[in-house]
Amino acid sequence: MLPAAKSVLRTLPGLCLSLALCFCSSAAFSQDSSAAAPRADSKAANNAEFLAAADEVLRQMSEITGLKLLTPLKKSLRSREEIRAYVIKQMNAEKNPAERYADARTGEAFGLLPKGFDLDTFMVNVLTEQIEGLYDPKNQEFYIADWSAPDEQRMVMAHELTHALEDQHFHIEAWSRAARPNDDAELARDAVLEGSAMAAMVDYLMAGTGRSLKDLPEFDPSMLFDQLDMQNTPALKSAPPFLKDSLIFPYISGLNFSAAVLKNSGWPALSGVFERPPVSTQQILHPAFYKSGKTPASVLLPPLDKALGKDWAKLDENVLGEFGWKEVLKQFLDNDRAKSLAAAWDGDRYATYEQKETKKLILVTRLRLDSEEHAARFFGQYSEALEKKHAQRSNLLRRPNFFQFDTPDGGVFLYCAGGSCVTMEGGTRKLFDAFTKALDWPSAPPPPEHPAAAPEKTAALFFPAAQAAP
Ligand SMILES: [Zn+2]
């Protein structure tokens, strides 16, 4: 998928967000959680108690998941400062400043992040706020936050120790990274890791009730999420919707995916998912596509470096995926339309370029839809989205499968042919023509006779009444 949140999520595969915990401890599971109720006698759990509890939960998680502990596990209590330092260290180790800058600018180009958004600071704050515990696959060590309430500690443990057990059997960091450089596929693997740890945590909470996740036919994680109380998480509450959704996706959609995969044969099915990982966020969002083996088309973009010249540099190129497109569409269309339109996704690729001096951006995308009919629907709705995204428009040219207009930041183009659509924002018509030519597409409909027509003239065309006044 996209940039931003992912780059940090990627960093912390073993991280547990307390929001994930809140919803499991909320109404839906309050009865079941008594079965595994922790001792509430001491608020400041000391180290010996912590170690004993961790060992006990580890044994239970091994029993639930069927994954044996292969080597002893390192575990420790950490202060907020130590966890913050860990988050920063991981962020720096994961991507260098130039790569993180490219992520933020790509988010901006898609309209997912506000201009100039300080992504680094935001992510450190939100993660420090949210972390209750984490599993560090680099050092194979389990940490728990020393501020975590004793009744939450065991739930955190259930989640994080699942990561630890999975790591011993499947080497989760290398497994997750094997999807690179496809961001969409890597996010799908994150959703497997977080979703399975959530599923194991649900089973842990239900221990003693004689039931488990696979016995809950009506299980809908998004319903639980609606009950989530974000009052205690100010940084997340103020987050751009895309970041919030990206942070939550691996937990909620991943849990839904895990529930579907474990439905029939339970935890023995887990190793099959590590052997045959989902290839896209689409397979996470629609587990039936994972089961049927529906894979997206591989989509390529021609390089534009030559056509752009030396003043421009490519910042980023990757796959956005169904999840990413849903987020983009959601910024400008309502949630239901965004969801249904994104579900027609069948592959994509995007690239962002930046003019070195002016920092102007060009965003190019190529999208495959699952039918010509859906491509036509995408054309209509994405035309609308682009108009909402760019408030100042002039020289509009609208044809059945082609739409272009000018903005103060450059030209905007949308062109669909067969089951595919391409877009360019921030470029010139000449560059767009070079792009479609490189794709072997027929030329887009020509602009009007006088392409340099002044904005007043366009205004006259669309608002003749206004023109009547001298
Ligand atoms: Zn986790």
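Modeller: The expected span of a helix is 1.5 Å times one less than its number of residues, where helices (H or I, at least four residues) and strands (E, at least two) are DSSP runs numbered from the N terminus. This is a predicted model, in which local features need pLDDT of at least 70 and side-chain atom pairs count only at pLDDT 80 or more, whereas totals for chains, interfaces and linings use all residues. Residues are numbered from 1 along each chain as its sequence is written.

Colleague: How does the reach of helix α18 compare with the span expected at 1.5 Å a residue?

Modeller: Helix α18, residues 321-332, has 12 residues and reaches 18 Å from its first C-alpha to its last, which is close to the expected 16 Å. For helix α6, residues 97-109, the 13 residues should span 18 Å, and the end C-alpha atoms are 18 Å apart, so the two values agree.

Colleague: What makes α18 count as largely enclosed by the rest of the structure?

Modeller: A residue is buried if 20 or more other C-beta atoms, placed from the backbone, lie within 10 Å of its own. In α18, 10 of the 12 residues are buried, and therefore the helix is largely enclosed. The buried residues are Gly321, Glu322, Phe323, Gly324, Trp325, Lys326, Glu327, Val328, Leu329 and Lys330, and they pack against elements including α10, α13 (241-262), β6 (345-355) and α20 (372-389). Across the protein chain, 46% of the 470 residues count as buried.

Colleague: Which residues of α6 are buried, and what does the backbone do just after that helix?

Modeller: The buried residues of α6 are Arg100, Ala102, Asp103, Ala104, Arg105, Thr106, Gly107, Glu108 and Ala109. Just after α6, Gly111 takes a positive phi of about 85 degrees.

Colleague: Why is α4 described as it is relative to α10?

Modeller: The axes of helix α4 (residues 47-65) and helix α10 (residues 183-206) come within 10 Å and cross at roughly 105 degrees. Since angles of 65 to 115 degrees count as roughly perpendicular, α4 is roughly perpendicular to α10.

Colleague: Which residues of α4 and α10 meet?

Modeller: Contact requires C-beta atoms, placed from the backbone, within 7 Å. Gln60, Met61, Ile64 and Thr65 in α4 meet Ala200, Asp203 and Tyr204 in α10.

Colleague: What is the strand order of the open sheet, and what makes β5 and β8 its edges?

Modeller: Seven strands form the open sheet in the order β5-β6-β7-β11-β10-β9-β8, with antiparallel pairing. β5 (312-318) and β8 each have a single partner strand, so one side of each is left without a neighbour in the sheet. The twist averages 10 degrees from one strand to the next.

Colleague: How many residues lie between β8 and β9 in their hairpin, and how many between β9 and β10?

Modeller: The β8 and β9 hairpin has two residues between its strands, and the hairpin of β9 and β10 likewise has two.

Terms used. Axes fitted to C-alpha atoms, helices over the stretch in contact; angles between N-to-C directions. Parallel < 35°, antiparallel > 145°, perpendicular 65-115°, else oblique. Contact = placed C-beta atoms within 7 Å. Pairing = 2+ DSSP bridges.
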